[in-house]
Amino acid sequence: MIYTDPRIGDYAVATHGLSKRYGRESALHEVDLRVPEGAVYVLVGVNGAGKSTLFKVLMNLERPDAGTAEVFGLDTGRDGPGVRAQVGYVPERQDAPYRSMTCARLLQHAAAFYPEWDHAYADHLTRALGVRPQARIGGLSKGQTRRLQLVLALAYRPPLLLLDEPTDGLDPVVRRRALTLLAEHLADAPTTVVISTHHIDELESLADHVGVLRDGHLVAQMAREELQRTVRSYQLEVPDGWEAPRELQATGLRRSSAGRDVRCTVVGDEREVTRRLADAGARVRQVSKLALEDAALAFLPEDPS
Amino acid sequence: MTAPAFRTAERRARPARPPVPRLRAVLMEQIRAAGLALRGTALIVAALVALVTLVAGLQSLSMGVVRNFYEWPTLLPGLMGVLLPVAMWARDERSGQGYLWTLPVDRRQHAFTKVFAGWVWLMAGIALFALWRPVLTLASGGSVLPPETLHVLASQVALAGPLDQTTLRTVPWAPGPLIWFVPFTAATASYLLGSALVLGSRRPLRWVIGTVLAYAILSVASDAAGAQLRVGWVADAPGGLLHLLVESRYGLDALLTARTGTLSTTMTLTTGERAMVWRAVPDLADWRIATVLWTGVGLLALWAAASRHREQRRA
């Protein structure tokens with residue numbers, strides 16, 4: 001695992017050896033998540049990597065088989081209500097609750113559970129996201145339900161947002177608006193965000209920490225700058241039949257080649273990687289920084305099967 | 001497509017910890033939400049009540065039919081009680097990830113709160129029902145308040161064919177004002193049992209159908225086994241069990257109708273008259289004990305069902 005302890009003040013979210021199994025399938029395996037307060041932590045992983053399970057454990061909707069989780073120092077297993085009071089949660093599933101209610105009534109309903117509900121802000125979010133107050137929830141589309149879920153999660157300005165694929169089901173226009181609102185929200189209120197998404201590029205300007213889940217294992221966790229410093233693209237000129245050094249293959253090497261020109265993504269200290277490549281007979285022609293998405297994807301398998 | 005950049009420094013200040021809601025606020029909101037959720041059901045019930053009122057009114061006016069208090073459908077409160085949880089919870093996702101459980105309230109307590117909210121509306125409905133019955137009875141010229149004169153069988157005779165008047169004795173019966181509480185307790189106990197079923201199982205209808213089917217299969221099997229083994233109690237066991245649950249002294253009928261349902265039937269006398277005949281005089285002491293028993297069972301079942309949704313605490 002590539003892991004750096006952020007050590008920035010207190011953690012908003014910390015898990016210790018968190019494991020969860022569903023039958024024979026391991027959804028989470030000894031996950032030690034560390035989300036510093038105020039961070040926008042992007043959780044990356046393919047479908048089924050364990051991202052949603054992690055959110056459910058943090059909300060105390062699922063019991064872990066081993067390990068503990070804390071939100072602002074509160075043990076999620078011992079103080080579920082206290083933890084949920086700190087969290088604005090957008091679940092992965094887009095099932096609408098209380099289908100016979102109108103959107104406005106559901107917001108009123110939710111307000112009763114959050115003493116710090118900001119009605120004016122809820123109205124603002126409702127308008128900005130195009131939620132129709134008088135629409136029946138049972139008649140909402142997937143995207144409309146998602147917008148309503150975003151309003152429900154943000155309107156009481158919780159100190160922690162757990163957003164599980166929050167832009168899933170939104171059209172491009174609303175997606176952009178939702179991200180703008182999220183950015184404004186973060187600028188206005190001290191908020192920590194843990195967000196799982198398949199659209200990492202959308203969060204290029206927001207994310208400051210990244211965690212990568214792979215088959216339930218947290219294989220990487222670091223600050224964004226650290227990630228982009230550690231994961232680099234190397235353009236190489238190699239002899240015929242060249243094979244990458246075995247130790248580099250083990251660090252998430254991705255490779256594409258055209259004749260003797262090889263481009264590969266390698267995780268590791270740039271000088272050290274360059275030295276090893278040179279030792280293996282490759283000539284490093286160029287080293288370039290990767291976009292956040294490409295850097296994060298370096299930790300995921302190229303072949304999803 | 002990217003979101004605009006923003007200032008990170010301000011986000012790092014530790015925010016004040018938001019409080020959990022007060023129980024009173026949760027309770028009041030759940031009562032309001034339950035009222036909204038039950039609007040459709042209430043309209044259907046109101047339409048049915050209006051229809052029954054219309055038919056009864058027409059019968060009284062055109063045929064001079066006089067209604068007695070005990071002729072009214074006393075099973076209705078119990079039926080309302082057992083069906084209300086379905087209307088309350090049918091559209092909610094009751095499994096672990098439902099919206100209800102993501103709210104900052106202890107999950108078992110939240111389940112009880114919602115059940116209580118439904119019970120408040122049930123009692124309101126039963127109160128209207130309790131008013132409607134005597135109003136209709138009085139309007140038809142019948143008697144509401146005891147004493148009533150009951151025609152009670154003098155001895156255990158088969159209730160078949162025209163009945164000789166001499167086999168009946170007349171008994172004045174004055175159950176007292178407690179009889180007015182029967183609809184409320186009947187609805188409460190059946191509501192608790194219905195809530196436990198709906199809250200405790202993902203597919204309550206399957207459980208109901210499965211139980212009925214299992215009983216039918218058990219009856220056929222025990223009949224066959226009893227005949228084969230020539231052991232009477234084996235053949236009678238399922239029927240005996242049903243009798244114990246429904247018609248026995250503290251059975252469901254004692255709970256739901258204070259046994260006014262199973263102890264009486266309308267018979268034709270040899271004179272050609274039709275009369276309500278009682279096998280025994282109902283005893284409200286039986287109803288009291290049955291109410292305590294069934295309500296206790298309902299509360300225990302509800303506790304067990306709500307515990308399925310309790311917070312996931314580590315040992």
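The model is predicted, so local features need pLDDT of at least 70 and side-chain atom pairs count only at pLDDT 80 or more, while totals for chains, interfaces and linings use all residues. Residues are numbered from 1 along each chain as its sequence is written, chains are lettered from A and ligands numbered from 1 in the order in which they are written, and side-chain values use heavy atoms, with hydrogens and water left out.

Salt bridges to begin with. The criterion is a side-chain nitrogen of Lys or Arg within 4 Å of a carboxyl oxygen of Asp or Glu. That rule gives 17 salt bridges over all chains.

One of them pairs E311(B) with R84(A), with the closest N and O atoms 2.5 Å apart. E311(B) sits in the segment after helix 10 (284–307) of chain B and R84(A) in helix 2 (residues 80–84) of chain A, so this pair joins two chains. Helices here are DSSP runs of H or I, at least four residues, and strands are runs of E, at least two, numbered from the N terminus. Are these two partners buried or exposed? E311(B) is buried at 3% relative accessible area, and R84(A) is buried at 0%. Buried means under 20%, exposed over 50%, and partly exposed in between, with a 1.4 Å probe and protein chains only.

Within chain A, E272(A) and R276(A) form a salt bridge at 2.8 Å between the closest N and O atoms. They are 4 residues apart in helix 9 (residues 270–279) of chain A, about one helical turn. Salt bridges that share partners link E272(A), R275(A), R276(A) and D279(A) into one network.

Next, strands in chain B. Two strands count as paired if DSSP finds at least two bridges between them. Strand 3 (residues 264–268) and strand 4 of chain B run antiparallel, joined by 5 bridges. T268(B) has R274(B) as its bridge partner in strand 4 of chain B. In this hairpin, with 5 residues between the strands, G272(B) takes a positive phi near 95°. Strand 1 (residues 148–153) of chain B runs parallel to strand 4 (residues 274–278) of chain B, with 2 bridges.

Among the cysteines, C103(A) is buried at 1% relative accessible area, and C264(A) is buried at 2%.

And the patch: helix 7 (residues 204–229) of chain B gives the most to the nonpolar patch, with 7 residues. I209(B), in that helix, is partly exposed at 46%.
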